[in-house]
Amino acid sequence: MRTYLVILDETEEARAALRFASRRAAKTGGALHLLAVVPRQEFVAFGGVQATIEEEAYARAETLVTSLAGNVFSESGKMPVIAVRQGEAIRVVTDYLSDHPEVAALVLGAGADGTPGPLVTWFAGSGMGTLPCPLYIIPPSLDEARLDTLS
């Protein structure tokens with residue numbers, strides 16, 4: 001069974017990657033892993049304030065990934081594996097892939113603003129040799145109908 005890992009945030013490119021991966025998993029009898037990465041906050045002189053900011057960011061990411069997982073479940077009848085991790089995104093994704101050898105492909109969405117984004121830049125560039133699986137990059141120009149056709 002193929003397992004697709006999608007990195008989620010609040011961007012349209014993440015939603016496009018999720019749409020592609022969820023359709024692909026459904027068509028191949030595969031599974032989905034959804035990962036939200038919460039970056040560590042810049043140092044704040046008052047530790048309590050920094051902890052509160054980090055907790056709120058974590059809760060927001062947890063809400064997002066749970067909501068999107070619910071959407072996937074309602075469409076496919078299969079609940080994806082969900083995870084929220086805190087840290088530097090490239091390191092978190094690399095560690096997640098190491099911990100989950102069942103992941104058959106990493107699915108990322110390219111930024112619509114003309115820049116590919118830090119994960120796409122790293123994993124399609126210098127970090128390509130570190131990936132234990134294929135990388136799918138979903139371009140921002142694909143509409144829902146085209147994503148459905150291609151998946």
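Mentor: What follows goes from the pockets to the elements and residues around them.

The model is predicted, so to speak of a local feature requires pLDDT of at least 70 and a side-chain atom pair counts only at pLDDT 80 or more, while totals for chains, interfaces and linings use all residues. Residues are numbered from 1 along each chain as its sequence is written, and side-chain values use heavy atoms, with hydrogens and water left out.

The largest pocket holds about 580 Å³ of space. Its lining has 30 residues, and those closest to its centre are Leu8, Asp9, Glu10, Thr11 and Val37. A pocket here is an open set of points on a 1 Å grid over the protein atoms alone, where a 1.4 Å probe fits and protein lies on both sides within 12 Å along at least five of seven lines; a lining residue has an atom within 4 Å of a point. The volume is the space filled by probe spheres set on the points, which are joined across faces, edges and corners.

Strand 1 (3–8), helix 1 (12–28), strand 2 (31–38), helix 2 (47–76), strand 4 (103–109) and helix 4 (118–124) each give the largest pocket at least two lining residues. Helices (H or I, at least four residues) and strands (E, at least two) are DSSP runs numbered from the N terminus. Helix 2 makes the largest contribution to this lining, with four residues. Sorted by class, the lining has 18 nonpolar, seven polar and five charged residues. Ala, Val, Leu, Ile, Met, Phe, Trp, Tyr, Cys and Pro count as nonpolar, Asp, Glu, Lys and Arg as charged, and the others, Gly among them, as polar.

The second largest pocket has a volume of about 350 Å³. Among its 20 lining residues, Glu12, Arg15, Ala16, Arg19 and Glu144 lie nearest the centre. Helix 1, helix 2 and helix 5 (144–150) each supply at least two residues of this lining, and the largest share, eight residues, is from helix 1. Its classes are ten nonpolar, two polar and eight charged.

The buried residues of helix 1 include Ala16, Ala17, Leu18 and Phe20, where buried means under 20% relative accessible area, exposed over 50% and partly exposed in between (1.4 Å probe, protein chains only). Just after helix 1, Gly29 has a positive phi of about 70°.

Next comes the largest nonpolar core, of 26 residues, in which Val6, Leu8, Leu18, Leu32, Leu34 and Val107 touch the most other members. Strand 1, helix 1, strand 2, helix 2 and strand 4 each supply at least two residues of this core. A nonpolar core is a set of buried Ala, Val, Leu, Ile, Met, Phe, Trp, Tyr and Cys residues joined through side-chain atoms within 4.5 Å. Leaving aside neighbours within four places in sequence, Val107 is in contact (heavy atoms within 4.5 Å) with residues including Val6, Ala17, Phe20 and Ile138.

Strand 2 also holds His33, which counts as buried because its relative accessibility is 5%. Glu55, in helix 2, counts as exposed at 56%.
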